[in-house]
Amino acid sequence: MSVAVYERDTSSAIRTQGYRISLKDNGAKALHACLPTHLFDLAVATSIRSATRMVFMDTQLRPKFAKPIPPIEPGLAGFGVNRLTLREILLTGVEDIVHFGKTFDHYEELGDEGVRAHFADGSSVEGTLLVGADGTHSPVRRQLVPDAAVDNLGWAVYGKTPLTDDLLAATPDELIDTFNRVIAADGAAISIATCRTASPAPEPLTDIPGYLSWTMSAAGPPPGGPSPHELHELATATVVDWAPAVRRIVAEADVPATFLLAITSAQPVTPWQAPAVTLLGDAVHTMSPGRGDGANIALRDAQVLADLLPLGRSSAAAKAEYERQMLHYGFAAVAASREHPFAPFRPR
Ligand SMILES: Cc1cc2nc3c(=O)[nH]c(=O)nc-3n(C[C@H](O)[C@H](O)[C@H](O)COP(=O)(O)OP(=O)(O)OC[C@H]3O[C@@H](n4cnc5c(N)ncnc54)[C@H](O)[C@@H]3O)c2cc1C
């Protein structure tokens with residue numbers, strides 16, 4: 001099959017905020033099925049050390065609940081990966097088919113001839129099947145299923161703090177290599193994920209020095225249109241009387257890397273009829289990151305679609321079967337993400 005990818009970012013390195021994606025066994029297996037073995041092995045080799053314990057604490061870091069997380073060997077059972085590293089690995093060997101700086105605008109159905117995609121720069125391209133993998137605010141979905149609705153469940157502030165030797169030595173064990181949550185009586189909370197790889201990423205991958213990725217949510221409406229600096233001030237004010245170790249992590253953050261994240265969740269989408277257009281990933285079933293399923297399900301979509309397309313059937317039959325399966329398991333995952341009791345970003 002001849003394939004082309006059109007991406008609005010101008011390059012793979014455009015988003016510098018590094019946070020991890022945790023792949024479970026379903027996502028890892030889908031990635032393994034979609035990638036040449038050496039690239040899957042590279043993703044495993046550059047994976048982030050996994051958490052060893054789950055610890056929930058009060059703001060003075062007194063544990064309220066703790067349990068060990070059974071160790072898993074990074075691989076098909078799952079692993080964590082830096083987002084930029086995964087992106088660079090996914091791009092390896094397909095550089096010629098990925099066109100950066102191309103913002104999709106709308107499509108035009110051509111009957112038996114397929115579909116034509118139009119871009120913001122006035123250019124267009126024709127193909128047999130258009131796969132909208134354009135994220136939560138998907139313009140492909142907007143045109144394909146205009147009544148599809150996405151709920152806003154809340155918000156969180158994302159921050160990143162470089163993990164220096166000094167900071168590591170000063171940070172209590174409860175906050176390092178754990179799946180943790182520090183919760184205040186008023187519902188404000190912070191989770192701090194240790195993101196460090198076992199060894200540096202080999203050339204030509206970008207090496208990403210260790211960092212702490214923290215997520216803060218608080219009561220009340222989200223701050224409107226804030227700058228990274230204002231978001232960092234909000235986080236600083238929220239933890240002002242919390243344990244010194246938490247205050248220090250927020251204080252030493254890379255302030256420009258702070259950003260506000262809207263937590264969204266798609267309402268079920270009714271099947272669509274367009275014969276040459278489909279959707280994949282967050283574009284159709286965006287969900288709260290509470291259970292860490294979104295990327296796993298997006299990878300599964302890619303595997304299912306790739307498996308079905310070359311069956312020798314018509315692309316329309318493969319597409320219909322893909323949509324039947326994907327809408328079923330995709331929205332089951334959305335429903336689970338709404339119910340998960342440990343969802344770190346539940347609105348309060
Ligand atoms: C903070 C956070 C943490 C998360 N952690 C996890 C986790 O641990 N595990 C997990 O499984 N999931 C996690 N998720 C969810 C996961 O990130 C998403 O489900 C996943 O990225 C979806 O992939 P996607 O390719 O469908 O969409 P995206 O990753 O959103 O990619 C869409 C792409 O389309 C491009 N695009 C958008 N509009 C256009 C346009 N008009 N023209 C051209 N290109 C366009 C975008 O630039 C982008 O590159 C997390 C999400 C967040 C926000």
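Residues are classed here as nonpolar (Ala, Val, Leu, Ile, Met, Phe, Trp, Tyr, Cys and Pro), charged (Asp, Glu, Lys and Arg) or polar (the others, Gly among them). By this scheme the shell around the ligand comprises 12 nonpolar, 8 polar and 6 charged residues. The model is predicted, with local features requiring a pLDDT of at least 70, side-chain atom pairs counted only at pLDDT 80 or more, and totals for chains, interfaces and linings taken over all residues. Numbering starts from 1 along each chain as its sequence is written.

The mean pLDDT of the chain (the predictor's confidence in each residue, from 0 to 100) is 91, and 95% of the residues score at least 70. Over residues 341–348 the pLDDT is below 50, and this stretch has 20 contacts in the model beyond near neighbours in sequence, a contact being a pair of residues whose C-beta atoms, placed from the backbone, lie within 7 Å. Where pLDDT is low, predicted coordinates should not be read in detail.

Among the 26 residues around the ligand, those that come nearest are Phe104, Gly135, Gly281, Gly294 and Ala295; a residue is taken as near if its C-beta atom, placed from the backbone, lies within 6 Å. Two or more residues of the shell are given by each of strand S1 (5–7), strand S2 (20–23), helix H8 (282–285) and H9. Helices (H or I, at least four residues) and strands (E, at least two) are DSSP runs, numbered from the N terminus. The largest share of the shell, 4 residues, comes from H9.

Helix H9 (residues 294–308) also packs against helix H10 (residues 315–339), their axes coming within 9 Å and crossing at roughly 160°. Axes are lines fitted to C-alpha atoms, for helices over the stretch in contact, and angles run from 0 to 180 degrees between N-to-C directions. H9 and H10 are therefore roughly antiparallel, a term applied to angles over 145 degrees. Their contact involves, among others, Ile297 and Leu308 in H9 and Tyr322 and Met326 in H10; by class it has 8 nonpolar, 2 polar and 2 charged residues.

Helix H1 (residues 25–34) and H9 pack at about 40°, with axes 8 Å apart. Residues including Ala30 and Leu31 in H1 meet partners in H9, among them Leu299 and Ala302.

Two backbone features lie in loops. A cis peptide bond, with omega about 0°, joins Glu203 and Pro204, and Pro204 is found between strand S13 (189–195) and strand S14 (211–217). Leu61, a residue other than glycine, has a positive phi near 65°.

How values were computed. Angles under 35 degrees count as roughly parallel, over 145 as roughly antiparallel, 65 to 115 as roughly perpendicular and the rest as oblique. Two residues are in contact if their C-beta atoms, placed from the backbone, lie within 7 Å.
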